[in-house]
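Subject: Structure handover

Hello,

Here is the structure you will be working with. Please open it beside this message and follow the residue numbers as you read.

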Amino acid sequence: MEITKATTMGEMLQYDMGIAYVLMEAGMHCVGCPSSIGESLEEACAVHGLDPDDVLENIQAYLAEKTQKEATEE
């Protein structure tokens, strides 16, 4: 799955719950809030005063690290 600023919070969390930790580290502590599930990453960042490009970069770094770790374990 390609995650972009248009990806909803629900889609991201359904894809990988580990993204919740990345979002909470960025300052989004309402990750489990039902109203946030339909928001895009960009919308959620705007609500929290965060730069969506920075948050997206952190999510992509987390996913890349996870993929690399899984590849070395095989």
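Below are the findings, from the whole chain down to single residues.

This is a predicted model, in which local features need pLDDT of at least 70 and side-chain atom pairs count only at pLDDT 80 or more, while totals for chains, interfaces and linings use all residues. Residues are numbered from 1 along each chain as its sequence is written, and side-chain values use heavy atoms, with hydrogens and water left out.

Overall fold

The protein chain has four helices and zero strands; helices (H or I, at least four residues) and strands (E, at least two) are DSSP runs, numbered from the N terminus. Its radius of gyration is 12 Å, close to the 11 Å that the globule rule gives for 74 residues, so the chain is as compact as a globular protein of that length. That radius is taken over C-alpha atoms, and the rule is 2.2 Å times the number of residues to the power 0.38. The C-alpha trace spans about 40 × 20 × 20 Å along its principal axes.

Of the 74 residues, 31% are buried (under 20% relative accessible area; exposed is over 50%, partly exposed in between, with a 1.4 Å probe and protein chains only).

The core

In soluble globular proteins, nonpolar side chains tend to be buried together. The largest nonpolar core here has 17 residues, and L23, M28, L41 and I59 touch the most other members. Such a core is a set of buried Ala, Val, Leu, Ile, Met, Phe, Trp, Tyr and Cys residues joined through side-chain atoms within 4.5 Å.

Leaving aside neighbours within four places in sequence, M28 is in contact (heavy atoms within 4.5 Å) with M9, L23, L41, A44, C45, H48 and L50.

Helix α3

Three of those partners, L41, A44 and C45, are the buried residues of α3. Seen down the helix axis, the buried residues of α3 fall within an arc of 100 degrees, so they line one face; the arc is that of the directions from the axis to the C-beta atoms. Their cover includes α1, α2 and α4. The face turned away carries the exposed residues A46 and V47. Just after α3, G49 takes a positive phi of about 70 degrees.

A buried aspartate

Where is D16 found? It lies in the loop between α1 and α2, and is buried at a relative accessible area of 7%. The side chains of D16 and K66 are joined by a polar contact of 2.7 Å (a pair of N or O atoms within 3.5 Å; within protein, one must be able to donate a hydrogen and the other to accept it, and residues adjacent in sequence count only if both atoms are side-chain atoms).

Regards
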